[in-house]
Amino acid sequence: MKNQGSWQFHYLIYVAIALNCYAYPAGANDNKAQQPTDFIELAAVMLKDGHHDRALLALQSVDLGNKKTDLARFYTLQGLAYLGLNDLEAAKDSLRLAVRNGQKDPSIFIYLAQAYFGVKDYKNTLDALEKAGALVNKDAVLISLKAESYWHLQRTTAAIDTLNEGQRAFPSDSRFLKRKVFYFVELGLYQEAIRLGREYFKRADATAADYVAFGNALRLSREYQEAINILEVARLQYPHEEMVAKLLAHTYLDQGQLNSAAFILEQAALLNPVLQAEAAEIYRRAGRFHKALTLNESISDQKVKLKQRLSILLALKQFEHAANMESSLYRTGLLEDQDIRYALAYALFSSRRFSAVDKHLQHLTNAELFRKATELRRLMEVCKNEPWQCT
């Protein structure tokens with residue numbers, strides 16, 4: 001869950017104060033040499049300073065067999081330390097032991113809910129949140145956690161009702177509206193999702209990542225035109241965001257609009273030249289070979305450039321130019337790719353360099369390419385014996 005760390009820290013401070021975890025023993029400054037080390041207090045100090053691993057080390061020295069040991073506090077601190085280290089299974093077990101040993105403060109259930117949610121135990125997440133009582137309704141993140149748990153349990157009405165409650169309690173917090181948008185997309189209620197999405201994107205805190213997430217959700221749901229509408233707006237607002245451009249281009253590809261996709265990537269390549277190859281490839285697929293060849297000139301990755309250039313030259317039937325790439329293909333190791341080796345052999349054949357063709361064909365072991373190589377050898381024999389058929 002996104003913001004998990006922030007509310008964890010917030011409640012860590014709350015719990016520590018509520019449970020008096022940071023208090024020092026009375027008279028701690030008097031006669032220090034005569035007093036034994038209180039490892040529970042030491043662990044509390046370590047937690048306060050953010051040293052979760054050191055807190056666990058201190059707790060290892062606590063005598064759990066001593067009847068005076070405050071087990072509720074011990075397991076509370078141990079659970080908080082494990083949470084800080086993101087060991088959710090261990091945190092869950094420790095916090096449950098804290099409750100069994102008499103921990104009454106409702107804040108403990110907030111941490112239990114977090115641990116349960118982290119290990120995908122959504123039923124117990126909801127049980128823990130219910131036991132936390134009124135604390136849940138005071139924190140937007142906890143309400144969101146509750147809604148997510150309902151959603152994972154496929155209790156969709158309860159999930160949406162919880163989000164509505166969150167919106168009423170925190171009208172300026174857009175997380176509830178945002179989550180509803182994605183829930184409606186997943187439920188296939190696209191028109192309602194689109195309506196809420198437009199409302200959400202009117203807010204100043206909507207980010208490029210939000211546009212990408214919503215656009216991609218619509219795209220995956222095959223609502224291509226609405227995805228394009230959303231992403232075109234995002235492209236105007238965030239012209240330098242590469243992910244917006246890439247997703248919009250691929251959505252156009254889904255619609256078979258190759259030229260639109262290629263143009264968007266070509267523009268994005270002005271900021272990130274790596275995209276030049278993808279733009280050129282889409283232009284090639286669109287049949288705009290000369291445009292593709294122009295973009296191909298600027299590709300820095302030599303393997304990508306040469307492989308693409310070979311396919312473009314073959315499409316343009318510029319067989320001499322393609323055949324002349326032989327040494328470059330050798331140098332970059334591309335001839336290890338049997339498809340490229342056959343393409344070069346075909347270029348050599350088409351430029352009537354028959355003597356150079358067979359040395360490439362004999363390397364082909366792929367069944368389909370082997371069949372093509374056999375046919376190419378047959379055609380070479382025809383050309384040698386009846387040259388007028390190969391003009």
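Helices are DSSP runs of H or I with at least four residues, and strands are DSSP runs of E with at least two, both numbered from the N terminus. The model is predicted, with local features requiring pLDDT of at least 70 and side-chain atom pairs pLDDT 80 or more, while totals for chains, interfaces and linings use all residues. Residue numbers start from 1 along each chain as its sequence is written, and side-chain values use heavy atoms, without hydrogens or water.

**Figure 1**
Of its 391 residues, 46% are buried. Buried stands for under 20% relative accessible area, exposed for over 50%, and partly exposed for values in between, with a 1.4 Å probe and protein chains only. Contacts are heavy atoms within 4.5 Å. Among the contacts between residues at least 6 apart in sequence, 49% join residues at least 24 apart. The protein exposes about 20,700 Å², and carbon and sulfur atoms supply 50% of this area. Accessible areas were computed by the Shrake-Rupley method with a 1.4 Å probe; for residues, only the protein chains shown count as cover.

**Figure 2. Helix α22 (residues 354-361) has its buried residues on one face.**
Phe354, Ala356, Val357, His360 and Leu361 are the buried residues of this helix. They line one face because, seen down the axis of α22, they fall within an arc of 150°. The arc is taken from the directions of the C-beta atoms as seen from the helix axis. An α-helix has 3.6 residues a turn, so residues three or four places apart point the same way. The buried residues of α22 pack against α20 (326-331), α21 (338-350) and α23 (367-385).

**Figure 3. Residues of α10 (175-186), α11 (190-201) and α12 (208-220) line the largest cavity.**
A cavity is a set of points, on a 1 Å grid over the protein atoms alone, where a 1.4 Å probe fits but cannot get out; its lining residues have an atom within 4 Å of a point. Rolling a probe the size of a water molecule over the atoms shows where empty space is left. The search of the whole structure finds one cavity of 30 Å³ or more, and the volume of the largest cavity is about 40 Å³. Grid points are joined across faces, edges and corners, and the volume is the space filled by probe spheres set on them. The lining consists of Lys178, Val181, Phe182, Gly197, Tyr200, Phe201, Asp210 and Phe214. Five residues of the lining are nonpolar, one is polar and two are charged. Here Ala, Val, Leu, Ile, Met, Phe, Trp, Tyr, Cys and Pro count as nonpolar, Asp, Glu, Lys and Arg as charged, and the others, Gly among them, as polar.

**Figure 4. Arg222 and Arg352 have positive phi values.**
Most residues other than glycine have a negative phi, and most peptide bonds are trans. Phi of Arg222 is near 65°, and phi of Arg352 is also near 65°. Arg222 sits in the loop between α12 and α13 (224-237) and is exposed, at 61% relative accessible area. Its C-alpha lies 9.7 Å from that of Gln255, a residue 33 places away in sequence. Arg352 sits in the loop between α21 and α22 and is partly exposed, at 42% relative accessibility.

**Figure 5. Leu153 lies in the loop between α8 (140-152) and α9 (156-169).**
Leu153 is partly exposed, with 35% relative accessibility. Beyond its neighbours within four places in sequence, Leu153 contacts Tyr122, Lys123 and Leu126. Lys123 is 30 residues from Leu153 along the chain, and the two C-alpha atoms are separated by 7.5 Å.

**Figure 6. Ala134 is in the loop between α7 (122-132) and α8, and Gly118 is in helix α6 (residues 107-118).**
Ala134 is exposed, at 51% relative accessible area. From Ala134 to Pro106, 28 residues apart in sequence, the C-alpha distance is 9.1 Å. Gly118 is partly exposed, at 33% relative accessible area. The C-alpha atoms of Gly118 and Glu89 are separated by 8.6 Å, with the two residues 29 apart along the chain.

Conventions: 1 Å grid on protein atoms, 1.4 Å probe; cavity = no way out; pocket = protein on both sides within 12 Å on 5 of 7 lines; lining within 4 Å.
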